[in-house]
Amino acid sequence: MKPQAAYDELLRRSRERALLASCAAVLAWDEDTYMPAGGAAHRADQLAYLAGLEHDQATDPRLGDLLDAVEDSDAAGAPAAAANVREWRRLYDRTSRLARPLVEETARVTSLAQQEWAAARRAADFGRFRPWLERVVALKRREADALGYDDEPYDALLEEYEPGARSRDLAGLFGVLRAELAPLAERLAAAPRQPDVGVLRRDYPADRQRAFGEAAAAALGFDFTRGRLDAAVHPSSVAVGPGDVRLTTRYDPHEFSDAFFSTLHEVGHGLYEQGLDAALTGQPAGDAPSLGLHESQARLWENAVGHGRAFWEHFYPLARRAFPEALADVALDDFHFAVNRVGPSPIRARADEVTYDLHVLARFELERALVSGELGAADVPAAWGEAYRRCLGLTPRDDAEGCLQDGHWAAGMFGYFPTYTLGNVFAAQLYARADADAGGLDAAFARGDFGGLLEWLRVKVHRRGAVVPAARLVEEAAGGPPDPRPLVAALRRKYGELYKAP
Ligand code: ZN
(Lines give C-alpha, C1' and ligand atoms only; values in the text may rest on other atoms or scores of the structure.)
Protein backbone atom coordinates (compact mmCIF):
# COMPACT_ATOMS: atom_id res chain seq x y z
CA MET A 1 0.00 0.00 0.00
CA LYS A 2 1.18 3.52 -0.85
CA PRO A 3 2.12 5.53 2.26
CA GLN A 4 -0.38 8.31 1.55
CA ALA A 5 -3.23 5.84 1.12
CA ALA A 6 -2.19 4.12 4.35
CA TYR A 7 -2.13 7.48 6.13
CA ASP A 8 -5.60 8.37 4.83
CA GLU A 9 -6.95 5.04 6.02
CA LEU A 10 -5.39 5.53 9.46
CA LEU A 11 -6.94 9.00 9.61
CA ARG A 12 -10.38 7.66 8.67
CA ARG A 13 -10.16 5.02 11.39
CA SER A 14 -8.90 7.54 13.93
CA ARG A 15 -11.91 9.80 13.28
CA GLU A 16 -14.24 6.84 13.59
CA ARG A 17 -12.78 5.86 16.98
CA ALA A 18 -13.07 9.47 18.13
CA LEU A 19 -16.75 9.47 17.13
CA LEU A 20 -17.36 6.33 19.14
CA ALA A 21 -15.55 7.85 22.13
CA SER A 22 -17.61 11.03 21.85
CA CYS A 23 -20.85 9.01 21.85
CA ALA A 24 -19.66 7.36 25.06
CA ALA A 25 -18.84 10.83 26.44
CA VAL A 26 -22.42 12.08 25.96
CA LEU A 27 -23.77 8.97 27.67
CA ALA A 28 -21.36 9.34 30.59
CA TRP A 29 -22.22 13.04 30.99
CA ASP A 30 -25.93 12.24 30.91
CA GLU A 31 -25.40 9.54 33.53
CA ASP A 32 -23.76 12.13 35.81
CA THR A 33 -26.39 14.82 35.35
CA TYR A 34 -29.90 13.95 34.16
CA MET A 35 -30.30 10.16 33.84
CA PRO A 36 -32.91 8.74 36.20
CA ALA A 37 -31.59 6.07 38.60
CA GLY A 38 -33.62 3.44 36.77
CA GLY A 39 -31.48 3.91 33.66
CA ALA A 40 -28.26 2.69 35.32
CA ALA A 41 -28.23 -0.93 34.17
CA HIS A 42 -29.10 -0.14 30.55
CA ARG A 43 -26.56 2.69 30.51
CA ALA A 44 -23.85 0.29 31.72
CA ASP A 45 -24.74 -2.02 28.78
CA GLN A 46 -24.57 0.87 26.32
CA LEU A 47 -21.19 2.03 27.61
CA ALA A 48 -19.74 -1.48 27.72
CA TYR A 49 -20.88 -2.07 24.13
CA LEU A 50 -19.25 1.11 22.89
CA ALA A 51 -16.06 0.36 24.86
CA GLY A 52 -15.91 -3.09 23.23
CA LEU A 53 -16.31 -1.61 19.74
CA GLU A 54 -13.62 0.96 20.48
CA HIS A 55 -11.25 -1.70 21.79
CA ASP A 56 -11.78 -3.90 18.72
CA GLN A 57 -11.01 -0.96 16.46
CA ALA A 58 -7.96 0.09 18.44
CA THR A 59 -6.43 -3.40 18.33
CA ASP A 60 -7.29 -4.32 14.72
CA PRO A 61 -4.03 -5.91 13.43
CA ARG A 62 -4.59 -4.07 10.15
CA LEU A 63 -3.50 -0.91 11.99
CA GLY A 64 -0.03 -2.43 12.42
CA ASP A 65 0.28 -2.97 8.66
CA LEU A 66 -0.93 0.54 7.89
CA LEU A 67 1.54 2.02 10.38
CA ASP A 68 4.38 -0.02 8.88
CA ALA A 69 3.50 1.42 5.48
CA VAL A 70 3.38 5.02 6.59
CA GLU A 71 6.25 5.31 9.09
CA ASP A 72 9.39 7.00 7.79
CA SER A 73 7.53 8.09 4.65
CA ASP A 74 6.69 11.56 3.33
CA ALA A 75 3.08 10.98 4.34
CA ALA A 76 4.23 11.34 7.96
CA GLY A 77 6.34 14.40 7.22
CA ALA A 78 4.24 17.42 8.23
CA PRO A 79 4.23 18.18 11.99
CA ALA A 80 0.56 17.22 12.60
CA ALA A 81 0.86 14.05 10.51
CA ALA A 82 4.09 13.10 12.28
CA ALA A 83 2.41 13.58 15.65
CA ASN A 84 -0.56 11.49 14.54
CA VAL A 85 1.65 8.64 13.39
CA ARG A 86 3.70 8.84 16.62
CA GLU A 87 0.56 8.63 18.77
CA TRP A 88 -1.19 5.97 16.65
CA ARG A 89 1.91 3.81 16.96
CA ARG A 90 2.21 4.37 20.71
CA LEU A 91 -1.44 3.52 21.31
CA TYR A 92 -1.51 0.57 18.96
CA ASP A 93 1.59 -0.96 20.54
CA ARG A 94 0.20 -0.44 24.03
CA THR A 95 -3.24 -1.84 23.39
CA SER A 96 -2.06 -4.79 21.33
CA ARG A 97 0.40 -5.83 24.05
CA LEU A 98 -2.54 -6.33 26.38
CA ALA A 99 -4.29 -9.64 25.80
CA ARG A 100 -8.05 -9.47 25.69
CA PRO A 101 -8.56 -11.73 28.79
CA LEU A 102 -6.41 -9.39 30.88
CA VAL A 103 -8.31 -6.32 29.65
CA GLU A 104 -11.67 -7.95 30.32
CA GLU A 105 -10.66 -9.21 33.75
CA THR A 106 -9.35 -5.79 34.70
CA ALA A 107 -12.62 -4.16 33.60
CA ARG A 108 -14.66 -6.70 35.58
CA VAL A 109 -12.54 -6.62 38.74
CA THR A 110 -12.25 -2.83 38.85
CA SER A 111 -15.98 -2.46 38.34
CA LEU A 112 -16.65 -4.69 41.37
CA ALA A 113 -13.74 -3.20 43.31
CA GLN A 114 -15.26 0.27 42.95
CA GLN A 115 -18.51 -0.89 44.53
CA GLU A 116 -16.59 -2.60 47.34
CA TRP A 117 -14.46 0.48 47.82
CA ALA A 118 -17.55 2.70 48.13
CA ALA A 119 -19.03 0.34 50.73
CA ALA A 120 -15.71 0.05 52.59
CA ARG A 121 -15.38 3.83 52.64
CA ARG A 122 -18.88 4.26 54.04
CA ALA A 123 -17.99 1.80 56.79
CA ALA A 124 -14.47 3.26 57.22
CA ASP A 125 -13.26 -0.34 56.99
CA PHE A 126 -10.17 -0.98 54.91
CA GLY A 127 -10.32 -4.71 55.68
CA ARG A 128 -13.35 -4.99 53.43
CA PHE A 129 -11.51 -3.41 50.49
CA ARG A 130 -8.15 -5.14 51.07
CA PRO A 131 -8.75 -8.33 49.00
CA TRP A 132 -9.98 -6.17 46.11
CA LEU A 133 -6.98 -3.89 46.26
CA GLU A 134 -4.78 -7.01 46.20
CA ARG A 135 -6.52 -8.24 43.06
CA VAL A 136 -6.35 -4.86 41.31
CA VAL A 137 -2.65 -4.45 42.12
CA ALA A 138 -1.92 -7.98 40.86
CA LEU A 139 -3.72 -7.16 37.58
CA LYS A 140 -1.87 -3.86 37.21
CA ARG A 141 1.45 -5.63 37.76
CA ARG A 142 0.55 -8.11 35.04
CA GLU A 143 -0.40 -5.18 32.83
CA ALA A 144 2.93 -3.45 33.47
CA ASP A 145 4.82 -6.66 32.66
CA ALA A 146 2.86 -7.06 29.42
CA LEU A 147 3.50 -3.44 28.44
CA GLY A 148 7.19 -3.55 29.30
CA TYR A 149 9.42 -0.96 30.96
CA ASP A 150 13.08 -0.04 31.40
CA ASP A 151 13.42 0.90 35.07
CA GLU A 152 10.40 -0.13 37.07
CA PRO A 153 6.87 -1.41 36.40
CA TYR A 154 5.21 1.81 37.61
CA ASP A 155 6.65 3.60 34.55
CA ALA A 156 4.59 1.42 32.24
CA LEU A 157 1.39 2.52 34.01
CA LEU A 158 2.40 6.17 34.21
CA GLU A 159 2.77 6.15 30.42
CA GLU A 160 -1.00 5.76 30.07
CA TYR A 161 -1.63 9.22 31.54
CA GLU A 162 1.62 11.12 31.06
CA PRO A 163 3.50 9.81 28.02
CA GLY A 164 7.24 10.09 28.49
CA ALA A 165 7.16 10.67 32.26
CA ARG A 166 9.39 8.47 34.43
CA SER A 167 9.18 7.65 38.15
CA ARG A 168 12.78 8.61 38.78
CA ASP A 169 12.27 12.15 37.43
CA LEU A 170 9.02 12.51 39.33
CA ALA A 171 10.73 11.40 42.55
CA GLY A 172 13.26 14.22 42.08
CA LEU A 173 10.49 16.74 41.43
CA PHE A 174 8.53 15.62 44.49
CA GLY A 175 11.71 15.78 46.57
CA VAL A 176 12.04 19.49 45.80
CA LEU A 177 8.37 20.11 46.55
CA ARG A 178 8.49 18.29 49.88
CA ALA A 179 11.66 20.06 51.03
CA GLU A 180 10.12 23.45 50.27
CA LEU A 181 6.39 23.11 50.78
CA ALA A 182 6.20 21.05 53.99
CA PRO A 183 8.04 23.68 56.07
CA LEU A 184 6.13 26.50 54.32
CA ALA A 185 2.78 24.89 55.20
CA GLU A 186 3.92 24.42 58.80
CA ARG A 187 5.01 28.06 59.11
CA LEU A 188 1.73 29.35 57.66
CA ALA A 189 -0.42 27.12 59.87
CA ALA A 190 1.43 28.49 62.91
CA ALA A 191 1.40 32.14 61.79
CA PRO A 192 -0.17 34.56 64.28
CA ARG A 193 -2.43 36.15 61.64
CA GLN A 194 -5.07 33.66 60.41
CA PRO A 195 -8.07 34.13 58.11
CA ASP A 196 -11.67 33.86 59.27
CA VAL A 197 -13.01 31.08 57.03
CA GLY A 198 -16.40 31.33 58.72
CA VAL A 199 -17.37 33.99 56.18
CA LEU A 200 -17.30 31.29 53.48
CA ARG A 201 -19.76 29.12 55.44
CA ARG A 202 -22.70 31.48 55.52
CA ASP A 203 -25.83 31.34 53.35
CA TYR A 204 -25.04 31.20 49.66
CA PRO A 205 -28.27 30.21 47.84
CA ALA A 206 -27.50 27.60 45.19
CA ASP A 207 -29.31 29.38 42.33
CA ARG A 208 -27.27 32.54 42.93
CA GLN A 209 -24.06 30.50 43.17
CA ARG A 210 -24.89 29.03 39.79
CA ALA A 211 -25.55 32.44 38.22
CA PHE A 212 -22.38 33.89 39.74
CA GLY A 213 -20.27 30.91 38.62
CA GLU A 214 -21.66 31.12 35.09
CA ALA A 215 -20.95 34.84 34.92
CA ALA A 216 -17.36 34.23 36.03
CA ALA A 217 -16.95 31.39 33.51
CA ALA A 218 -18.17 33.66 30.71
CA ALA A 219 -15.91 36.51 31.85
CA LEU A 220 -12.89 34.19 31.70
CA GLY A 221 -13.78 33.32 28.11
CA PHE A 222 -15.80 30.09 28.35
CA ASP A 223 -18.13 30.11 25.35
CA PHE A 224 -21.62 29.02 26.41
CA THR A 225 -22.75 28.67 22.80
CA ARG A 226 -20.23 25.79 22.66
CA GLY A 227 -20.54 24.48 26.18
CA ARG A 228 -22.71 24.02 29.25
CA LEU A 229 -22.39 24.03 33.02
CA ASP A 230 -24.64 21.67 34.99
CA ALA A 231 -24.86 20.34 38.53
CA ALA A 232 -23.60 16.84 39.35
CA VAL A 233 -22.25 14.89 42.34
CA HIS A 234 -18.65 15.31 41.16
CA PRO A 235 -17.24 18.28 39.28
CA SER A 236 -15.96 17.26 35.85
CA SER A 237 -15.45 18.36 32.28
CA VAL A 238 -16.41 16.22 29.33
CA ALA A 239 -15.40 17.14 25.80
CA VAL A 240 -18.09 15.83 23.48
CA GLY A 241 -16.74 17.53 20.37
CA PRO A 242 -15.28 20.78 19.11
CA GLY A 243 -18.49 22.75 19.67
CA ASP A 244 -19.68 20.96 22.77
CA VAL A 245 -17.89 20.94 26.13
CA ARG A 246 -19.88 19.89 29.21
CA LEU A 247 -18.81 21.09 32.65
CA THR A 248 -20.31 20.06 35.95
CA THR A 249 -20.00 21.37 39.48
CA ARG A 250 -21.90 20.92 42.76
CA TYR A 251 -23.55 23.47 45.03
CA ASP A 252 -23.69 23.58 48.83
CA PRO A 253 -26.00 26.43 49.90
CA HIS A 254 -23.94 26.89 53.09
CA GLU A 255 -20.47 27.02 51.56
CA PHE A 256 -19.05 29.28 48.88
CA SER A 257 -15.61 27.96 47.87
CA ASP A 258 -16.26 24.39 46.80
CA ALA A 259 -18.65 25.15 43.95
CA PHE A 260 -16.97 28.34 42.81
CA PHE A 261 -13.40 27.07 42.62
CA SER A 262 -14.51 23.72 41.21
CA THR A 263 -16.26 25.71 38.51
CA LEU A 264 -13.11 27.71 37.74
CA HIS A 265 -11.12 24.46 37.67
CA GLU A 266 -13.49 22.85 35.17
CA VAL A 267 -13.65 26.08 33.16
CA GLY A 268 -9.87 25.80 32.81
CA HIS A 269 -10.27 22.31 31.35
CA GLY A 270 -13.12 23.62 29.18
CA LEU A 271 -11.18 26.61 27.84
CA TYR A 272 -8.45 24.21 26.77
CA GLU A 273 -10.94 22.00 24.91
CA GLN A 274 -12.60 25.00 23.28
CA GLY A 275 -9.18 26.25 22.19
CA LEU A 276 -8.02 23.06 20.46
CA ASP A 277 -7.73 23.26 16.68
CA ALA A 278 -11.13 22.10 15.36
CA ALA A 279 -9.55 21.21 12.02
CA LEU A 280 -7.67 18.43 13.84
CA THR A 281 -10.74 16.92 15.53
CA GLY A 282 -10.56 13.14 15.66
CA GLN A 283 -6.77 13.15 15.35
CA PRO A 284 -4.34 12.70 18.24
CA ALA A 285 -2.42 15.78 17.04
CA GLY A 286 -5.49 17.87 17.86
CA ASP A 287 -5.83 16.57 21.41
CA ALA A 288 -4.06 17.42 24.65
CA PRO A 289 -0.74 15.53 24.79
CA SER A 290 -1.09 14.50 28.44
CA LEU A 291 -3.31 14.64 31.50
CA GLY A 292 -0.70 16.73 33.31
CA LEU A 293 -0.92 19.43 30.67
CA HIS A 294 -4.72 19.32 30.73
CA GLU A 295 -4.67 19.64 34.50
CA SER A 296 -2.26 22.58 34.22
CA GLN A 297 -4.94 24.57 32.41
CA ALA A 298 -7.47 23.82 35.15
CA ARG A 299 -5.09 24.66 37.98
CA LEU A 300 -3.88 27.82 36.25
CA TRP A 301 -7.37 29.35 36.09
CA GLU A 302 -8.43 27.98 39.45
CA ASN A 303 -5.35 29.02 41.41
CA ALA A 304 -3.00 31.45 39.69
CA VAL A 305 -5.95 33.48 38.38
CA GLY A 306 -8.97 32.67 40.56
CA HIS A 307 -7.27 32.76 43.95
CA GLY A 308 -5.40 35.97 43.10
CA ARG A 309 -5.98 39.42 44.58
CA ALA A 310 -6.49 41.07 41.17
CA PHE A 311 -9.20 38.60 40.19
CA TRP A 312 -11.16 39.48 43.34
CA GLU A 313 -10.67 43.20 42.85
CA HIS A 314 -12.92 42.74 39.87
CA PHE A 315 -15.20 39.97 41.15
CA TYR A 316 -15.61 40.84 44.82
CA PRO A 317 -18.02 43.75 44.26
CA LEU A 318 -20.08 41.41 42.06
CA ALA A 319 -19.95 38.68 44.72
CA ARG A 320 -21.17 41.14 47.34
CA ARG A 321 -24.07 42.12 45.12
CA ALA A 322 -24.92 38.43 44.53
CA PHE A 323 -24.63 37.45 48.22
CA PRO A 324 -25.35 40.60 50.26
CA GLU A 325 -26.53 38.62 53.33
CA ALA A 326 -23.23 36.75 53.53
CA LEU A 327 -20.73 39.38 52.45
CA ALA A 328 -22.05 42.86 53.29
CA ASP A 329 -19.81 43.09 56.36
CA VAL A 330 -16.76 41.37 54.86
CA ALA A 331 -13.88 43.43 53.43
CA LEU A 332 -12.19 42.36 50.17
CA ASP A 333 -8.89 41.61 51.94
CA ASP A 334 -10.58 39.40 54.54
CA PHE A 335 -12.51 37.51 51.87
CA HIS A 336 -9.39 37.04 49.76
CA PHE A 337 -7.44 35.83 52.80
CA ALA A 338 -10.23 33.38 53.68
CA VAL A 339 -10.32 31.71 50.26
CA ASN A 340 -6.53 31.29 50.51
CA ARG A 341 -6.34 29.70 53.94
CA VAL A 342 -3.49 27.17 54.26
CA GLY A 343 -3.74 24.34 56.77
CA PRO A 344 -2.94 20.64 56.64
CA SER A 345 -6.08 18.52 56.31
CA PRO A 346 -6.41 14.77 55.79
CA ILE A 347 -8.44 15.10 52.57
CA ARG A 348 -6.70 15.78 49.24
CA ALA A 349 -9.78 17.05 47.42
CA ARG A 350 -10.16 19.87 49.97
CA ALA A 351 -6.47 20.73 50.23
CA ASP A 352 -5.12 24.26 49.72
CA GLU A 353 -2.55 24.89 47.01
CA VAL A 354 0.46 24.73 49.38
CA THR A 355 -0.33 21.30 50.84
CA TYR A 356 -2.01 19.79 47.77
CA ASP A 357 1.16 18.35 46.27
CA LEU A 358 2.12 16.77 49.60
CA HIS A 359 -1.07 14.70 49.40
CA VAL A 360 -0.12 13.66 45.87
CA LEU A 361 3.42 12.85 46.96
CA ALA A 362 2.11 10.42 49.62
CA ARG A 363 0.02 8.62 46.98
CA PHE A 364 2.87 8.55 44.46
CA GLU A 365 5.20 6.88 46.98
CA LEU A 366 2.60 4.35 48.08
CA GLU A 367 1.34 3.31 44.66
CA ARG A 368 4.86 3.07 43.31
CA ALA A 369 5.71 0.70 46.19
CA LEU A 370 2.49 -1.29 45.68
CA VAL A 371 3.23 -1.81 42.00
CA SER A 372 6.88 -2.74 42.61
CA GLY A 373 5.79 -5.23 45.28
CA GLU A 374 7.69 -3.51 48.11
CA LEU A 375 4.40 -2.73 49.82
CA GLY A 376 1.63 -5.28 50.30
CA ALA A 377 -2.03 -4.24 50.22
CA ALA A 378 -2.50 -5.32 53.85
CA ASP A 379 0.09 -2.78 54.98
CA VAL A 380 -1.49 0.19 53.17
CA PRO A 381 -3.32 1.76 56.15
CA ALA A 382 -0.15 1.77 58.28
CA ALA A 383 1.97 3.06 55.39
CA TRP A 384 -0.64 5.72 54.65
CA GLY A 385 -0.59 6.93 58.23
CA GLU A 386 3.18 7.02 58.20
CA ALA A 387 3.28 8.97 54.91
CA TYR A 388 0.76 11.52 56.20
CA ARG A 389 2.70 12.04 59.42
CA ARG A 390 5.86 12.56 57.40
CA CYS A 391 4.42 14.70 54.56
CA LEU A 392 1.66 16.64 56.34
CA GLY A 393 2.29 16.17 60.05
CA LEU A 394 -1.13 14.66 60.74
CA THR A 395 -2.79 11.31 61.39
CA PRO A 396 -6.11 10.42 59.71
CA ARG A 397 -8.89 9.60 62.16
CA ASP A 398 -9.94 6.44 60.30
CA ASP A 399 -9.59 4.64 56.96
CA ALA A 400 -12.36 6.74 55.37
CA GLU A 401 -10.38 9.94 55.77
CA GLY A 402 -7.16 7.97 55.21
CA CYS A 403 -6.39 5.44 52.50
CA LEU A 404 -10.01 4.98 51.39
CA GLN A 405 -10.67 8.61 50.49
CA ASP A 406 -9.93 8.37 46.75
CA GLY A 407 -11.43 5.93 44.26
CA HIS A 408 -8.47 5.89 41.83
CA TRP A 409 -6.96 2.61 43.00
CA ALA A 410 -10.30 0.79 42.99
CA ALA A 411 -10.72 1.98 39.39
CA GLY A 412 -7.26 0.64 38.51
CA MET A 413 -5.88 4.13 37.87
CA PHE A 414 -2.32 3.59 39.11
CA GLY A 415 -0.05 6.31 37.74
CA TYR A 416 -2.79 8.95 37.55
CA PHE A 417 -2.08 10.89 40.77
CA PRO A 418 1.26 12.41 39.70
CA THR A 419 -0.50 14.19 36.82
CA TYR A 420 -2.17 16.45 39.40
CA THR A 421 1.21 17.67 40.59
CA LEU A 422 2.61 17.91 37.07
CA GLY A 423 -0.42 20.10 36.35
CA ASN A 424 0.53 22.43 39.20
CA VAL A 425 4.16 22.51 38.13
CA PHE A 426 3.34 23.22 34.46
CA ALA A 427 0.72 25.81 35.42
CA ALA A 428 3.20 27.79 37.52
CA GLN A 429 5.78 27.76 34.72
CA LEU A 430 3.28 28.79 32.06
CA TYR A 431 1.70 31.46 34.21
CA ALA A 432 5.05 33.00 35.16
CA ARG A 433 5.96 33.26 31.49
CA ALA A 434 2.56 34.63 30.40
CA ASP A 435 2.76 37.21 33.19
CA ALA A 436 6.28 38.24 32.16
CA ASP A 437 5.31 38.43 28.46
CA ALA A 438 2.36 40.68 29.33
CA GLY A 439 4.46 42.87 31.63
CA GLY A 440 2.10 41.84 34.46
CA LEU A 441 -1.44 40.51 34.10
CA ASP A 442 -2.91 41.91 37.32
CA ALA A 443 -3.98 45.30 36.00
CA ALA A 444 -6.06 43.66 33.26
CA PHE A 445 -7.56 41.14 35.71
CA ALA A 446 -8.57 43.93 38.09
CA ARG A 447 -10.53 45.45 35.16
CA GLY A 448 -12.17 42.09 34.44
CA ASP A 449 -10.11 41.56 31.30
CA PHE A 450 -8.83 37.99 30.99
CA GLY A 451 -8.56 37.94 27.19
CA GLY A 452 -4.82 38.62 27.09
CA LEU A 453 -3.99 35.56 29.17
CA LEU A 454 -6.45 33.39 27.25
CA GLU A 455 -4.99 34.44 23.91
CA TRP A 456 -1.45 33.67 25.17
CA LEU A 457 -2.60 30.20 26.20
CA ARG A 458 -4.46 29.72 22.92
CA VAL A 459 -1.29 30.35 20.94
CA LYS A 460 1.29 28.69 23.21
CA VAL A 461 -0.72 25.71 24.44
CA HIS A 462 -4.26 25.10 23.18
CA ARG A 463 -3.89 25.36 19.42
CA ARG A 464 -0.70 23.33 19.51
CA GLY A 465 -2.59 20.19 20.49
CA ALA A 466 -0.22 17.25 20.75
CA VAL A 467 2.06 18.27 17.90
CA VAL A 468 4.88 17.97 20.43
CA PRO A 469 4.85 15.95 23.70
CA ALA A 470 3.75 17.73 26.88
CA ALA A 471 7.17 18.29 28.44
CA ARG A 472 8.48 19.82 25.22
CA LEU A 473 5.41 21.97 24.76
CA VAL A 474 5.92 23.37 28.27
CA GLU A 475 9.59 23.96 27.54
CA GLU A 476 8.81 25.82 24.32
CA ALA A 477 6.00 27.86 25.86
CA ALA A 478 7.55 28.63 29.25
CA GLY A 479 11.21 28.81 28.22
CA GLY A 480 12.47 25.95 30.39
CA PRO A 481 11.99 22.23 30.92
CA PRO A 482 9.50 21.00 33.55
CA ASP A 483 10.75 22.43 36.84
CA PRO A 484 9.09 22.66 40.28
CA ARG A 485 10.92 25.83 41.30
CA PRO A 486 8.60 28.40 39.70
CA LEU A 487 5.70 26.80 41.63
CA VAL A 488 7.63 26.98 44.90
CA ALA A 489 8.67 30.58 44.21
CA ALA A 490 5.10 31.65 43.39
CA LEU A 491 3.69 30.03 46.53
CA ARG A 492 6.39 31.49 48.79
CA ARG A 493 5.84 34.97 47.38
CA LYS A 494 2.06 34.86 47.53
CA TYR A 495 1.67 33.33 50.98
CA GLY A 496 4.56 35.23 52.52
CA GLU A 497 2.67 38.39 51.56
CA LEU A 498 -0.78 37.14 52.64
CA TYR A 499 0.21 35.87 56.05
CA LYS A 500 2.48 38.80 56.87
CA ALA A 501 1.52 40.44 60.14
CA PRO A 502 -0.21 43.78 59.39
ZN1 ZN B 1 -8.82 18.65 36.76
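## The sheet

Three strands, in the order E1-E3-E2, form an open sheet with mixed pairing. This is a predicted model. Strand E1 (227–231) and strand E2 (236–241) are the edges, and each pairs on one side only. On average, neighbouring strands of the sheet are turned by 20° against each other, direction ignored.

E1 pairs with strand E3 (residues 244–249) in the parallel sense, over 5 bridges. Arg228 stands opposite Arg246 of E3. Helix H1 (residues 3–33) lies across E1, E2 and E3. The helix runs at about 145° to E2.

## The zinc site

Which residues supply the protein donors of the zinc ion? They are His265 and His269, each through NE2, and Glu295 through OE. These donors lie 2.1 to 2.2 Å from the zinc ion. Along the sequence, the donor residues follow the spacing H-x3-H-x25-E.

Both histidines, His265 and His269, belong to helix H10 (residues 257–275). They are 4 residues apart, about one turn of the helix. An α-helix has 3.6 residues a turn, so residues three or four places apart point the same way. His265 and His269 are both buried.

## Aromatic pairs

The structure holds 36 aromatic pairs. One of them joins Tyr154 and Phe364. The rings are 5.8 Å apart, centre to centre, with 65° between the planes. That pair is edge-to-face, because planes over 60 degrees apart count as such. Tyr154 lies in helix H7 (residues 153–161) and Phe364 in helix H15 (residues 356–372), so the pair ties together parts 210 residues apart in sequence.

Phe337 and Tyr499 form another edge-to-face pair. Here the centres are 4.9 Å apart and the planes stand at 80°. This pair also links distant parts of the chain, 162 residues apart. Phe337 sits in helix H14 (residues 332–339), while Tyr499 is in the segment after helix H21 (485–498). Phe337 has a relative accessible area of 3% and is buried. Tyr499, at 5% relative accessibility, counts as buried.

## Charges over rings

Two arginines sit over aromatic rings. The charged end of Arg299 is over the ring of Tyr356, 4.2 Å from its centre. Arg363 lies over the face of Phe417, with 5.5 Å to the ring centre.

## Helix H19 and its cover

Helix H19 (residues 451–460) has these buried residues: Leu453, Leu454, Trp456, Leu457 and Arg458. What covers them? The cover includes helix H9 (206–220), H10 and helix H11 (291–305). It also includes helix H17 (418–437), helix H18 (442–446) and helix H20 (470–478). H10, part of this cover, is the helix that holds His265 and His269.

The C-alpha atoms of Gly452 and Leu300 are separated by 14 Å. Along the chain, Gly452 and Leu300 are 152 residues apart.

Technical notes:
Residues are numbered from 1 along each chain as its sequence is written. This is a predicted model: local features need pLDDT of at least 70, side-chain atom pairs count only at pLDDT 80 or more; totals for chains, interfaces and linings use all residues. Side-chain values use heavy atoms; hydrogens and water are left out. Rings of Phe, Tyr and Trp (its six-membered ring) pair if their centres lie within 6.5 Å; planes under 30 degrees apart count as stacked, over 60 as edge-to-face and the rest as tilted. Helices (H or I, at least four residues) and strands (E, at least two) are DSSP runs, numbered from the N terminus. Buried means under 20% relative accessible area, exposed over 50%, partly exposed in between (1.4 Å probe, protein chains only). A charge sits over a ring if NZ of Lys or CZ of Arg is within 6 Å of the ring centre and within 35 degrees of the ring normal. Two strands pair if DSSP finds at least two bridges between them. Axes are lines fitted to C-alpha atoms, for helices over the stretch in contact, and angles run from 0 to 180 degrees between N-to-C directions. Contact means heavy atoms within 4.5 Å. Donors are N, O and S atoms within 2.8 Å of the metal (3.2 Å for Na, K and Ca); water is not among the atoms, so sites may look incomplete.
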